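Visitor: I would like to go through a protein model with you, one part at a time. Could you put it up first?

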Amino acid sequence: MEGGGPAVRRRSRSASACKSSRDRARSRGVCSPPARKRPSSGAGEEPQPAPGSPEYNNDSEEDMFGDYDSFSGNDSLLAQVDDMEQECIQSIDLTSCTKNMEEKATVEPAFGYLQLQNAKSKELIFSAAGNIIGFKTEEESHVRTTSEQDNRTLEPGDCFLDDLPSSQLLYFEEMNKTSVDSRKSSEWQHTCLTLESLQQRKNLIYSLPTSGGKTLVAEILILQELLCRQKDVLMVLPYVAIVQEKVWALSSFGIELGFLVEEYAGSKGRFPPIKRRMKKSLYIATIEKGHSLVNSLIETGRVGDLGLVVVDELHMLGEGSRGATLEMILAKILYASKTTQIIGMSATLNNVGDLQQFLQAEYYANNFRPVELKEYVKIQDSIYEVDNKAENGLTFSRLLNFKYSSNLQKMDPDHLIALVTEVIPNYSCLIFCSTKKNCENVAEMICKYLNKEYRNHREKEKQDLIKDLKNIGKGSLCPVLKRTIPFGIAYHHSGLTSDERKRIEEAYSAGVLCLLTCTSTLAAGVNLPARRVILRAPYVATKFLKKNQYKQMIGRAGRAGIDNAGESILIVQEKDKHLVRDLVNSPLENCYSNLFLEFTKGIQSLLLSLVGLKIARNPEEIYHFMCGTLFGVQQQFLSKEKSLSDITREALGCLIEKGLLKEKMTCEKEQKSQSNLEITQLGQATYKGSIDVAYCDALYRDLKKGLEGLVLESCLHLLYLTTPYDMTYHCRPDWMIYFRQFSQLNSVEQKVAAIVGVPESFITKKASGQAIKKDVDNGVVNRLYLSFVLYSLLKETNIWNVSEKFNMSRGYVQNLLNSAASFSSCVLHFSEELEEFWVYKALLTELTKRLTYCVKAELIPLMEVAGVLESRAKQLYDSGYKTLAHLANSDPETLVKMIEHLSRRQARQIVSSAKMLLREKAEALQEEVEELLKVPTDTSEGLLTTLP
């Protein structure tokens, strides 16, 4: 059964046949056996891990996080596994159960590999997940008597589950154990999983509100592809932190079920990926790295190995250059592999027809939400409920009942304290603010007027939180957090480091913090639900709120399994009433292609890679490809003045003019000449390095100039070459700091500034406020300033000190570091394609590693493990876990005892991630050994016989 066929379906057969086939699969060892479950003492609600910093991009609030509640929310299969494990694990003895099954099994001749793998997949899925969630599998079979097991027989057709693909049994077995309410909530998942289009392997788009349960469907389909169809899977997520979170969460499944989980984010990822012989891989990638991965698979003729591509937050197709890159990924897969299935999901989709036409997909939608959401609008002291049936869309609900003094009225004109104290400290609350500074101000204002009794709520845990944040900051703590945390309140925005955000999110999830003041990034990021969500104003920065943003924010209201309902309250001033009425009653925004709007990162980048990958060789073939893109579907609406053919020719002309493509005339038999396109060496380096076409010339010149006099006494010159170009536009140097940092360099390092084009006299005059007569490129000046920041970071490895030294927020400094690490990786791949830059390969390999981790060398092996940040790596190292092997072979129970504030769930995931990374490295080496020892297929038979 090849990858292009219909989904594998299970034949009806008796229970004994199912059992014996599983035993035969076990004896063959198709997949790694599931690890034995270790009894655990149970724990309360465990905190959600948090994302870190974004991939190489700008420092906008929107880029710090992505909406990944779909993959890590309470509806996730993984979340259900963690929540219910403690209830079911106590009485399970998998060893004795497996022994009994093996004694009863009748050994039969081996049958087809795929059938074996299906049987093994069923057994592994149920053993790894069934016992945890409460399926009627190993635990119940252990309770049955021997005679019941021997006498139990089923005829074909007795159970409809027998006709379902193996991994979908996971879902239906769960339904047998859930309550009536949970069954109702799972009806849409049942319907979606049994869609005829899925069974026929058609592409699918499905849409539900936030927290609707999209994850379970995606995870079942991923397991089916990996285990039953034996195909690789690509999962595309918006941001680096989300990818790391998902790798961390799924590693335990990979260990149990025998597949590899590979991270493609930031500077991580191998191109092309190692071709595995025995195991299949789940590639978890950001949009940018996913694009490079797909390019490498197409180039090596392996794109058909991808059986499934899952895209979370499909609406990101309409979001700038990242949307254009996502469109390229999907368009190339559609064109290059007819057997790869595409699944896209989102909570905010409107013009689905265009997306269906682009992806050639079926569509499924449901309005299910596990917790009812009540939307309110507050105008002065009156609260109105959003009601689509009302004439103006709003119905009066109640008046605020809170006595305000004249002084308090001045300090809190929006009545935030009244709205908050109705909920906290027993329930959680989120306040969305329009700016980062506003988040901090609101948090402090609320604490100033709260009753002192709020300090007594979980006081010791709050002190522990403050202590942890001090350790993260190496003795430093934000003064605002120091004042607000005792009241159970904190702010959350991109100005925090990833370690700080993670610890605050854990405290909020555990109930230690009851109120977060946050920016819109939290709505599109980590899953932190609340009983009440308050929108301080209908603005994000100075821009009026979009419907998609509004839906994401209010979608955080209501915690499944805890609250019966969630509330959202939008605070509105009189001047904005009419705009808000339109907002709450308007449809979601349409999703439009950005290939044309993002000209260099969009259509030019796409056309360059099409020629480089030999997908298209002439303008006619390129035009044919473009017709299949989302831009091709929407072209008449997006560009009324120019046709698709005109736009394509214009883009090709720009690429030829820049020396990235060249034309070559060929003659056919009828003596007709045809213009074919070829990619130049510079063009090849540009697309393989994922370099923006707008910067490829500048990068080439900078690297060429560097060869003339590269200063290697320190890494400053290399840091300048790997500082991202697009971050220079948002940089505003402090000239006194600039001069001070320049003066602290030694004479050789100061030469770097002159070499790149920033003379000492220029810096001195700017610092003293003198007029500058000679023009100096601002981009170069700003880039050198940012390289000073990176240089200080690598020397000190302390973000707090560096942020204070340069008067920048900690989050911005960390974002710069992550962006530089990613861009350094891109420059490395760029240099590898140009022989003249061979010297940069070794230099940039080491620099990329240093930028990626920015810690002392001994901590790097631990930080390679998904989910382990600097503070956790230090704890592990100080406790004796100094290598990856130490961590992979550790006991989670021992980790919990030795590492402060480490939950059992986190300990298990860290160990699983370490095991997965160790296994991946070991198998990569094994693949190399086998490749070296393999007999060449093109060696003549006669030559082989002469060898001794």
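Visitor: In β17, what is the bridge partner of L535?
Guide: The partner of L535 in β17 is L570. This is a predicted model, in which local features need pLDDT of at least 70, side-chain atom pairs count only at pLDDT 80 or more, and totals for chains, interfaces and linings use all residues. Residues are numbered from 1 along each chain as its sequence is written, and side-chain values use heavy atoms, with hydrogens and water left out.

Visitor: How many bridges hold β14 and β17 together, and in which sense do they pair?
Guide: Strand β14 and strand β17 (residues 565–572) pair over four bridges in the parallel sense. Within this pairing, I534 stands opposite I569 of β17. Two strands count as paired if DSSP finds at least two bridges between them. Strands (E, at least two residues) and helices (H or I, at least four) are DSSP runs, numbered from the N terminus.

Visitor: Which strand do four bridges join to β14 as well?
Guide: That is strand β11 (residues 429–432), which runs parallel to β14. Here F432 stands opposite L535 of β14.

Visitor: Are the faces of β14 covered or open?
Guide: Both faces of β14 (residues 532–535) are covered. R532 and I534 lie on one side, V533 and L535 on the other, and all are buried. Buried means under 20% relative accessible area, exposed means over 50%, and partly exposed is in between (1.4 Å probe, protein chains only). In a regular strand the side chains alternate between the two faces of the sheet.

Visitor: What is the strand order of the whole sheet?
Guide: The sheet is open and has eight strands in the order β10-β9-β8-β17-β14-β11-β13-β12, with mixed pairing. At the edges are β10 (394–399) and β12 (489–492), each of which pairs on one side only. From one strand to the next, the twist averages 25 degrees.

Visitor: Which strands of the sheet does α23 touch?
Guide: Helix α23 packs on the sheet and touches β8, β9, β10 and β17. The direction of α23 makes about 150 degrees with that of β17. Axes are lines fitted to C-alpha atoms, for helices over the stretch in contact, and angles run from 0 to 180 degrees between N-to-C directions.

Visitor: Which residues of α23 are buried?
Guide: In α23 (residues 577–585), the buried residues are V580, L583 and V584. They cover an arc of only 85 degrees around the axis, so they lie on the same side of α23. The arc is that of the directions from the helix axis to the C-beta atoms.

Visitor: And what covers those residues?
Guide: Their cover includes β8 (372–379), β9 (382–386), β16 (543–544), α22 (547–554) and β17. Contact means heavy atoms within 4.5 Å.

Visitor: Changing topic, what is the reach of α27?
Guide: Helix α27 (residues 644–657) has 14 residues and reaches 20 Å from its first C-alpha to its last, close to the 20 Å expected at 1.5 Å a residue. The expected span is 1.5 Å times one less than the number of residues.

Visitor: Which residues of α27 are buried?
Guide: They are L644, I647, T648, A651, L652 and L655. Their arc around the axis is only 130 degrees, which puts them on the same side of α27. An α-helix has 3.6 residues a turn, so residues three or four places apart point the same way.

Visitor: What comes just after α27?
Guide: Just after α27, G659 takes a positive phi of about 80 degrees.

Visitor: Which residues have a positive phi although they are not glycines?
Guide: Q360 is one of them, with a phi of about 50 degrees, and A541 is another, at about 60 degrees. Q360 is placed in the loop between α15 (352–359) and β7 (361–365). A541 is found in the loop between β15 (539–540) and β16.

Visitor: Is Q360 buried or exposed?
Guide: Q360 counts as exposed, at 59% relative accessibility. A541 is partly exposed, with a relative accessible area of 44%.
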